[in-house]
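Take a first look at the fold below. Then follow the strands and the cores one at a time.

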Amino acid sequence: MRGPGKLEVWKMGFVNYLDALKLQEKLVSDRKLCRIPDTLLSLQHPPTYTLGKRRTDHNLLLPVSELKNIGAELHYTQRGGDITFHGPHQAILYPIISLREIGIGARNYVEKLESTMIELSSLYGVKACAGQKGETGVWIGERKIGAIGVRISYGITSHGLAYNIDPDLKYFKHIVPCGITDKEVTSLRRETATVLPAEEVIQEQLISCFARLFGYSTVTWKENPSIFSDHESID
């Protein structure tokens, strides 16, 4: 075991959910074989609902046939957690990192993801906290601002966190977010009195919070990496 060293950040912009899923699978395989360093994907998705491995379809509140009418897709995944929404103006981080090399367990890992979003919120004067027992993610009172759903395979992580900067909250009306009833979803735009900078700035701040909390000594950046030319085998 050794402490965190290098983190490679891929700034990817908008990526279709299935493309991001295939890329994560490829990178997890590469990380297991030590072909790549710890890697963090920073991106956004088009409107997409995802279900975790528990397959809680009942928490989708409209027929699948109607998703196209609202411009959204539905995908099933092997991550933990319940149904959630990904869409524009939401900052998503998918860490592909080795927990064994860092020397932390699954619970500590999730707590650090929560702390990443809590620390970002505090930069804008917003007091967020981890959920109570049975409530995943990060909350501001009774309102959820950040979701977490992770997969860990042989100590290598995938999937990750989604932080609401200013998404269209109407999409959350069609689900029971993360399977928790009678709670609202909120955004940084709605909660802060501060004028927000460009979303790219906020996403970089989120990455910086992640890197600091996980103790990485070196962070390198890839702008708009050409994922499909470098990783032909994900098709």
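How many bridges join S6 to S10, and do the two run parallel or antiparallel? There are 4 bridges between S6 and S10, and the strands run antiparallel. Here, strands (E, at least two residues) and helices (H or I, at least four) are DSSP runs, numbered from the N terminus. Two strands pair if DSSP finds at least two bridges between them. Strands of a sheet pair through backbone hydrogen bonds, either parallel or antiparallel. Across from Asn164 in S10 stands Gln90.

This is a predicted model, in which local features need pLDDT of at least 70 and side-chain atom pairs count only at pLDDT 80 or more, while totals for chains, interfaces and linings use all residues. Residues are numbered from 1 along each chain as its sequence is written, and side-chain values use heavy atoms, with hydrogens and water left out.

Stay with S10. Strand S9 pairs with S10 over 8 bridges, in the antiparallel sense. Gly149 faces Gly160 in S10. The hairpin of S9 and S10 has 2 residues between the strands, and Tyr154 takes a positive phi near 55° there. Of the 9 residues of S10, 9 are buried (under 20% relative accessible area, with exposed over 50% and partly exposed in between, using a 1.4 Å probe and protein chains only). S10 is therefore largely enclosed by the rest of the structure.

Next come the cores. A nonpolar core is a set of buried Ala, Val, Leu, Ile, Met, Phe, Trp, Tyr and Cys residues joined through side-chain atoms within 4.5 Å. The largest one has 34 residues, and Ile97, Tyr163, Phe210 and Phe214 touch the most other members. Among the elements that give two or more residues to this core are strand S1 (6-14), helix H3 (106-122) and strand S10 (156-164). Helix H5 gives the largest share, 7 residues. A second, separate core of 17 residues includes Met12, Val28, Ile92 and Ala162.

Now turn to another sheet. It is open, with 3 strands in the order S4-S3-S5 and mixed pairing. S4 (73-76) and S5 (84-86) stand at the edges with a single partner strand each, so one side of each has no neighbour in the sheet. Strand S3 (residues 48-51) runs parallel to S4, joined by 4 bridges. Tyr49 stands opposite Leu74 in S4.

How far can the model be trusted? The pLDDT, the predictor's confidence in each residue from 0 to 100, averages 89 for the protein, and 90% of the residues score at least 70. Over residues 229-235 the pLDDT is below 50. Where pLDDT is low, the predicted coordinates should not be read in detail.

Note on methods
Contact = heavy atoms within 4.5 Å.
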